[in-house]
Amino acid sequence: MTLEAKTEQPVVVKQTMNHPQDSKLKDFLSILMMNKAAMVGAIIILFYIFVALFAPLLAPYDPYEIKLENKLLPPSADHWMGTDDKGRDILSRILYGSRLSMGIGITAVIFGAFFGIIFGLIAGYYGKWIDSTIMRIMDILLAFPGILLALAIISALGPGLINVTIAVGAYSIPLFARIVRGSTLEVKRLEYIDAIRSLGANDLTIIFKHILPNILSPIIVQGTLRLATVILSAAGLSFLGLGAQPPSPEWGTMLSSGRDFLFSAPYIAIFPGLAISILVLGFNIFGDGLRDAFDPRMKK
Amino acid sequence: MTEKNKPILEVKGLKTHFYTKRGVSKAVDGIDFSLYKGETLGIVGESGCGKSMTSLSILRLIPSPPGKIAGGQVLFKGKDLVAMSEDEMRKIRGNEISMIFQEPMTSLNPVIPVGEQIAEALRLHQKMGRKAAWEKAVEMLMLVGIPSPEKRAKQEPFQLSGGMRQRVMIAMALACTPEVLIADEPTTALDVTIQAQILELIKDLQNKLGMGVIMITHDLGVVAETCDTVAVMYAGNIIEHASTKKIFANPRHPYTQGLLDSLPKIHEDKEELQTIEGSVPSPYNMPAGCRFASRCPYQQPICHQQQPELIEQNDGVKVRCWMYTDKWADKVVKEEAVK
Amino acid sequence: STKSNSSNEEASKKGGTKQGGTLTVVRLSDATKLDPHFITDIPSANIIYQKVYQGLVVPDKDFKIQPLLAKEWNVVNDTTWEFKLRDDVTFHDGTPFNAEAVKVTFDRLLDPNTGSPQREKFAMITEVKVVDDHTVQLLLSYPYAPLLSILASQEGSIISPKALTENPGKLTEHPVGTGPFVFEEWKSGQEISLKKNENYWGKKPNIDRVVFKVVPEDTTRLAMIETGEAHINDQVPVTELERIEASDTMGLYRTEGLAVEYVGFNTKKKPFDDVKVRRAISHAIEREAIIKGVYNNVGTLANVAMSPKVYGHSDKVKPYDYDLNEAKKLLKEVGYESGLELTLLTNDRKERINMAEVIQSQLKGIGVNVKIQVMEYGAYIEMINKGEHDLFIGGWGNATGDGDYNQYNLFHTASQGPAGNHFYYSNPDVDQKIEAARKETNEAKRLNLYEEVMQMEIDDAVYIPIRNYEHMAAHSKNVSGFWLNAANYLMIDDVVIK
Amino acid sequence: MLMFILRRLMQTIPVVIGVTFVVFFIMQLVPGDPAVLLAGEGASKETIAAIREQLGLNRPLFVQYFDYLMNVFRGDFGVSLKNSQPVLDEVLVRLPITMELAFFSIIITIVLGMAAGIISAIKPYSLTDTAVMIVALLGISLPSFWFGLMLMYFFSVKLQILPVAGWDSILHTILPALTLGAGGAAIVARMTRSSMLEVIRQDYIRTARAKGLRERVIIYKHGLRNALIPVITVVGLQFGALLGGTVLVESIFAINGLGRMIVDSIRMRDLPMVQGGVLVASLVFVVVNLLVDVLYRFFNKRIELN
Amino acid sequence: MQATADKKVLLQVDHLKQYFPVKTDSIFKPKAYVKAVDDISFHLYEGETLSIVGESGCGKSTTGRAILRLDEPTEGKVYYSGKDILGFNKKEMRKLRGDLQVIFQDPFASLNPRQTVKQILNEAMAIQDVVRKPKRMDRMLELLGYVGLPPEALDRYPHEFSGGQRQRIGIARALAVNPKLIICDEAVSALDVSIQAQILNLLKKLQNQFGLTFLFISHDLSVVRHISNRVMVMYLGKVVEIADKKDLFDTPLHPYTRALLSSIPVPNPDLKRERIILKGDVPSPINPPSGCRFHTRCPFATEKCKIEEPALRELDTNHLVSCHYAENFQ
Ligand SMILES: Nc1ncnc2c1ncn2[C@@H]1O[C@H](COP(=O)(O)OP(=O)(O)OP(=O)(O)O)[C@@H](O)[C@H]1O
Ligand SMILES: Nc1ncnc2c1ncn2[C@@H]1O[C@H](COP(=O)(O)OP(=O)(O)OP(=O)(O)O)[C@@H](O)[C@H]1O
Ligand SMILES: [Mg+2]
Ligand SMILES: [Mg+2]
């Protein structure tokens with residue numbers, strides 16, 4: 001076998017691109033940057049992350065310190081968002097709470113995504129009875145109205161941050177599984193999967209090296225949108241008294257305990273409510289932006 | 001074909017550009033041609049050279065934004081379509097100029113019975129009543145050779161095969177007996193035997209109705225069999241335009257030559273096929289000179305400096321190449337090329 | 001005797017009372033069953049008690065026992081009580097009320113086959129003897145001082161013998177008693193309606209009808225009162241006090257209750273089996289701050305696990321004072337000066353969670369690290385029934401208003417676990433005294449016994465008394481004449497709707 | 001089509017059985033003993049044991065479950081531990097209420113959502129579009145119980161134009177349905193918009209233009225019907241979310257619905273009621289999904305070919 | 001290179017059937033099947049190019065996939081070098097896959113968009129373990145040389161190449177494991193004519209160089225004529241004709257082959273041929289017509305064709321046809 005001297009000189013389309021990995025990322029980022037909404041979303045999220053990281057530095061007061069003599073102070077120069085019914089500074093609690101609420105959200109989504117992805121991949125890749133069995137089980141999970149499932153799980157495991165996380169995460173499993181299965185079916189049909197199969201690759205390699213990376217975009221989009229929902233669900237559980245344990249400054253708990261003062265000291269509920277809404281808003285518009293950025297039609 | 005002295009459709013210096021975030025893509029960059037009654041004009045060229053955009057520009061259907069007709073005229077019976085109001089344009093679309101699209105699978109509305117899709121244009125343009133329009137639609141389906149058209153008219157596209165759907169498209173385009181029919185790759189999605197049926201059908205109908213047809217394709221075989229004249233496009237320009245016979249017998253432009261040479265010939269055996277090296281320039285970044293220059297076996301400095309014009313030769317063949325001008329240094333090569 | 005600042009009682013007295021109208025009462029949860037022998041929860045009892053059903057006797061506003069279906073009674077001997085019954089009473093189904101009805105009712109309650117969860121409260125009754133048509137005797141197995149208090153409670157309701165013999169099962173959903181209101185309809189989960197008893201033997205109510213609606217959300221209930229959609233809301237969050245008082249459409253009714261709230265120790269569990277640890281923690285909790293800060297001064301500071309309204313209460317018994325130094329000293333003595341970790345269990349009632357948070361913050365002061373564990377009621381009960389908890393916030397309802405129901409259930413060794421002794425406290429002296437008090441018919445001696453027992457319990461630092469309940473009701477300004485008795489039953493005989 | 005429905009109905013059987021199974025065993029995990037809760041304050045161990053015996057809670061779990069399942073097939077859902085009423089009666093009282101609530105909510109979701117979506121899609125990137133979409137995003141981002149209480153505060157307490165709570169007249173349905181439907185409406189609005197924009201890019205819209213049709217005809221006749229297909233799916237999924245959301249709304253507005261019943265029953269450890277409630281709720285969900293599929297097929301018969 | 005009778009048979013396909021179940025609405029109706037490939041037999045000589053032609057959906061790809069066991073065939077036998085590969089277990093099959101490679105139609109879909117060319121080629125070699133690690137780099141450069149791509153291409157991602165170049169990457173991947181047989185499923189159909197010519201030239205060159213055997217699937221008869229030694233025509237899951245290229249193009253014996261050949265538009269306006277225009281559409285493979293499957297569209301069909309299914313018979317040396325009246329066209 002000799003290397004032929006006369007090779008047709010191929011034309012490389014983009015001569016300038018020397019770092020494809022960078023360029024891909026850059027491409028993606030530039031599309032994202034062009035999407036104004038997504039940028040707004042990203043800024044909101046980054047702001048929250050910043051707050052979560054530096055809460056101890058930013059918070060003017062100890063979020064846990066009870067000063068009953070200070071209770072129910074309206075917003076003022078000392079307490080920008082007022083104090084709650086135990087005299088704790090609401091601003092400080094919200095700042096610290098960002099860790100919990102985002103923590104719950106992110107962990108729950110990761111939890112849901114993890115199992116959802118595995119089930120979805122297996123169902124989509126193997127098909128047949130494995131598929132129907134897994135998807136029926138997912139249907140069962142889905143057939144429970146979400147909050148009831150969470151309720152059941154929390155009643156079983158007891159309330160608390162971790163269990164709330166598991167509960168709201170669990171409901172995300174079938175949603176991720178569905179999406180992943182759908183995308184897997186789509187990608188599975190692509191010729192490069194057949195190509196790698198005909199090279200003799202085993203199933204694990206195909207699933208995790210060739211299918212998974214190529215279905216990440218719908219997963220990521222779903223993930224950010226789910227984050228929004230999950231944070232709201234966690235708040236809803238707090239409303240039913242099944243949320244985080246006191247005195248955690250988890251926003252949902254703050255919000256739902258604030259509802260007793262909705263008419264007399266509305267700021268107790270308004271600020272955590274706003275904190276949740278804006279974060280959820282951030283994730284929603286960021287997710288939408290991501291969806292656009294991942295949309296192949298937007299690429300060229 | 002009988003060439004009446006006055007063309008029914010005349011495209012002059014048509015430019016369609018896409019204004020995207022990456023820059024301006026000059027998809028159609030100065031196109032001129034005329035179409036006469038009863039004539040079939042073929043437009044060929046490789047993928048992405050601007051064939052579809054040319055046809056869409058004529059009907060002002062380019063996706064906008066980002067596309068825009070950046071210049072030129074499209075004279076239909078003397079009136080400039082580019083300058084027309086949207087209302088006037090609507091009266092022409094589907095009525096006097098119709099179009100058959102490439103993809104029969106996606107070009108029909110999936111949720112509306114095909115009969116209705118034909119009839120609605122009739123009601124609109126011919127002011128027909130509901131019943132009359134329906135009957136006419138069924139008649140059109142019969143005309144394009146769909147068996148039991150009454151039944152088929154009530155069905156939705158998914159219930160028809162690809163060939164039938166393409167016939168529906170044709171029936172739809174012809175329902176208002178247009179004067180110009182633009183067929184954008186009407187058979188690429190179809191099997192050869194079905195393709196033969198469809199091409200035969202278009203030819204038949206053209207003979208019956210006497211309309212001018214623009215046949216867009218990249219299949220030179222289709223062109224050879226159906227067209228009177230051919231315009232060869234390359235990167236947004238027409239680079240050669242002549243009667244079909246002349247082009248196949250004696251291609252002038254090096255690109256046309258290359259294209260014909262790279263076809264495997266069904267009736268001759270050759271071990272190796274000719275190829276054209278290199279690739280099409282990016283529509284965002286067109287070279288200053290001839291757009292084919294970098295791939296051209298005959299390239300000369302001038303080719304890279306200035307774009308040649310589409311010039312009509314003595315025998316009526318129009319070609320856009322420096323070789324056929326006085327500026328060409330090496331006449332011998334030119335002679336050879338002509339041969 | 002009540003702290004009521006509302007005008008509702010006075011209002012009913014002056015001027016011509018207006019007749020008719022439907023009273024709407026909104027409440028947190030629905031009734032479970034309406035058969036007095038099976039009711040175990042206040043929301044159910046509240047529907048029927050003194051409205052549909054009546055007992056032989058009834059507590060008045062000061063929780064003193066007064067005659068009702070029995071005109072008079074006398075204690076024949078230590079174990080024999082005789083009751084003279086009214087002769088002008090008929091049940092809602094037309095059956096006349098007589099000694100037989102009393103017998104049939106109690107026989108059913110005492111029959112083990114009935115399976116009534118209330119049977120034990122009446123276990124000392126060996127026989128119900130019909131002396132004549134309107135005289136009945138209760139024969140006891142041992143002297144039982146608080147007998148009248150249990151007869152006055154909802155469990156002592158007298159049920160129509162006809163209903164009882166014909167279809168006892170139906171009583172669960174359709175009560176038949178002698179009271180001023182006749183059961184009308186129960187829309188499960190939604191509302192229960194009663195209508196005026198036109199044949200009532202006593203003073204007939206002013207209103208035509210009363211509807212008890214289930215409205216689970218606190219805010220919503222109050223909003224309904226505020227807009228006049230409902231008249232009475234007898235479960236008001238303490239935090240809304242000011243708002244109600246400031247409102248021009250709402251009035252607030254407050255009255256002392258029988259219940260108490262306390263922080264209990266699991267005395268079986270390390271390190272709370274050491275009395276010093278319990279005392280240290282008792283010294284470290286500033287109870288006044290809780291009453292003010294958490295309860296908004298609703299209710300009073302408790303000195304023992306028995307409310308002043310309960311028979312047997314003594315204000316001589318003094319709990320541990322707030323003394324951090326003493327607390328630290330005690331902890332040091334038992335080797336916890338470097339800190340102590342404990343879990344404080346509470347159910348998910350808002351005020352209790354708040355209390356837990358405050359306690360957590362207070363105990364930080366002596367280096368005790370508290371982890372709060374909030375559990376939904378069912379799980380909470382299970383946890384304390386199994387004795388897996390450290391410290392818990394508990395309360396005791398004292399439905400009968402008698403000290404025995406309090407002391408025996410909470411502190412007697414036999415009551416450990418589900419019966420009420422979640423401290424898992426066991427002290428033979430205490431046991432013995434409680435038993436003695438139960439049988440003691442001499443009031444002074446009896447009161448003395450309770451005082452001694454309670455002092456022993458405080459000495460053992462079994463619990464930290466926090467609060468005597470105060471019941472509140474928000475009402476629309478156009479109703480008057482209702483009151484809450486100390487057991488938190490809503491009394492509506494005299495209600496007038498403007 | 002009928003066959004399709006039949007087959008899908010058959011498929012729901014294992015799902016529903018699975019649901020009962022999961023409920024049953026989850027409820028076993030839940031700490032808290034129904035007998036203790038029923039016995040009430042101060043009940044002795046003997047009393048509790050007697051109640052347990054009476055309720056048949058002493059039998060082995062699998063026997064209990066199996067009996068339950070068999071009874072369900074016979075149409076007997078058992079009786080509530082709490083008030084001894086037949087579970088089916090209790091469920092059937094509440095089901096119509098919840099369905100009514102869900103129905104009004106989904107109507108709000110659909111009408112409000114689609115209208116907003118179409119308004120947005122007709123002039124994409126315009127001021128109206130941006131405004132509508134911002135409102136929609138806010139709608140998604142508000143916690144529903146919070147939104148509900150706010151609505152109640154303004155419309156019932158402040159303005160006093162709507163009743164606070166209950167479920168007696170059409171006026172009573174407005175706020176709960178709005179609370180429950182708003183989030184979904186926002187989602188549907190966004191879905192409708194993007195689906196419309198997607199459809200407008202399709203080849204057949206170009207075909208319609210090439211026929212010389214008016215823009216209005218193109219949007220409503222050729223665009224909307226196709227754009228609705230994904231919207232239907234979303235509405236179906238939304239209905240599921242909505243059923244879950246009824247719990248909160250029913251609590252806030254004191255509506256005697258299924259969701260609240262289930263929550264209350266979980267709190268009471270009233271297993272038969274929880275079972276019955278969840279069973280019916282999931283059946284409803286499954287049936288709604290089936291309905292969505294049927295509609296989906298109706299609008300998009302092409303998928304029958306696959 | 002000519003395929004002669006004494007050539008070694010590399011691949012033998014015997015009575016291959018591939019049925020795909022289709023969903024029916026009814027639970028009572030018997031299951032329906034797409035009879036994508038319905039009992040076909042043929043063989044492939046070492047070093048030759050056999051083309052399969054036929055209309056869309058006639059079962060060309062399915063045949064290729066069944067041979068590769070990308071879908072498990074319903075029935076039949078496939079012998080590779082005399083061994084029945086359908087009986088192979090997973091491990092044996094994985095090993096065999098080094099010998100059988102495939103090049104797909106869509107140059108955009110056949111490469112993992114997230115792998116660089118280097119990763120693609122490296123993985124292929126690693127899976128089959130054909131080249132030791134240290135030598136892989138050299139081998140990759142060599143492969144790129146064969147298919148005419150510059151070494152810089154190694155670090156690029158597929159989306160940075162044109163369609164023709166991607167197809168070259170696909171070919172390099174197939175070559176990486178030293179295959180004996182390559183199945184080209186519409187390997188040039190998606191390409192523009194000029195690029196198509198490049199790829200066809202490349203395939204021929206590689207075949208000469210390495211003695212490869214090609215199973216070339218296409219519906220473009222001019223391409224097929226250019227590249228093959230023998231041609232097999234399929235219609236609705238059946239083989240209707242197999243012959244040496246020249247025989248087939250010069251004397252097509254099956255009416256379908258004749259219609260197909262006459263339907264191809266020829267890029268020569270002077271050549272006026274008599275065209276056989278078939279009526280109607282291709283029937284559904286779920287309910288194929290009785291008898292001869294082509295009879296619904298055949299201009300010469302008789303009653304016999306409706307009832308009796310013609311066998312594939314050798315009418316001339318190496319010229320097999322399945323038509324009752326094939327003799328008439330000789
Ligand atoms: N939406 C768009 N945005 C930017 N550029 C576009 C857009 N649509 C088309 N173009 C440009 O227009 C050029 C011509 O496209 P056109 O569809 O006319 O090609 P064609 O000759 O019809 O090709 P084919 O044979 O593949 O149909 C393309 O090269 C492309 O760059
Ligand atoms: N996995 C599958 N499930 C069901 N039907 C299938 C499957 N794969 C192929 N088919 C069907 O089998 C028949 C043959 O398909 P195949 O892909 O082999 O045709 P082909 O000749 O390669 O066509 P084309 O030229 O379009 O590629 C078609 O009707 C197709 O719909
Ligand atoms: Mg095109
Ligand atoms: Mg194929």
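In this predicted model, α1(B) supplies the largest share of the shell around ligand 1, three residues; helices (H or I, at least four residues) and strands (E, at least two) are DSSP runs numbered from the N terminus. Because the model is predicted, local features need pLDDT of at least 70 and side-chain atom pairs count only at pLDDT 80 or more, while totals for chains, interfaces and linings use all residues. Residues are numbered from 1 along each chain as its sequence is written, chains are lettered from A and ligands numbered from 1 in the order in which they are written, and side-chain values use heavy atoms, with hydrogens and water left out.

**Ligand 1**

- Ligand 1 is surrounded by 18 residues, and the closest are Ser47(B), Gly48(B), Lys51(B), Ser52(B) and Met53(B); a residue is near a molecule if one of its heavy atoms lies within 4 Å of it.
- In chain B, β1 (9-20), β2 (23-35) and α1 (51-58) each give at least two residues to this shell.
- The shell around ligand 1 holds seven nonpolar, eight polar and three charged residues; Ala, Val, Leu, Ile, Met, Phe, Trp, Tyr, Cys and Pro count as nonpolar, Asp, Glu, Lys and Arg as charged, and the others, Gly among them, as polar.
- An oxygen atom of ligand 1 lies 2.6 Å from an N or O atom in the side chain of Ser52(B).
- Backbone N or O atoms also approach oxygen atoms of ligand 1, at 2.7 Å for Gly48(B) and 2.8 Å for Met53(B).
- On its own, ligand 1 has 640 Å² of accessible area, and the protein covers 75% of that; such areas come from the Shrake-Rupley method with a 1.4 Å probe.

**Ligand 2**

- Around ligand 2 there are 13 residues, of which Ser56(E), Gly57(E), Lys60(E), Ser61(E) and Thr62(E) come nearest.
- α1(E) gives the most to this shell, with three residues.
- The shell around ligand 2 has five nonpolar, five polar and three charged residues.
- The side chain of Thr62(E) has an N or O atom 2.4 Å from an oxygen atom of ligand 2.
- A polar backbone atom of Gly57(E) is 2.7 Å from an oxygen atom of ligand 2, and one of Gly59(E) is 3.0 Å from an oxygen atom of ligand 2.
- Taken alone, ligand 2 exposes 630 Å², and the protein buries 64% of that.

**Domains of chain D**

- The domain assignment, automatic or from a database, gives chain D domain 1 (1-78) and domain 2 (89-299).
- Taken over C-alpha atoms, the centres of the two domains of chain D are 32 Å apart.

How values were computed
A polar contact is a pair of N or O atoms within 3.5 Å; within protein, one must be able to donate a hydrogen and the other to accept it, and residues adjacent in sequence count only if both atoms are side-chain atoms.
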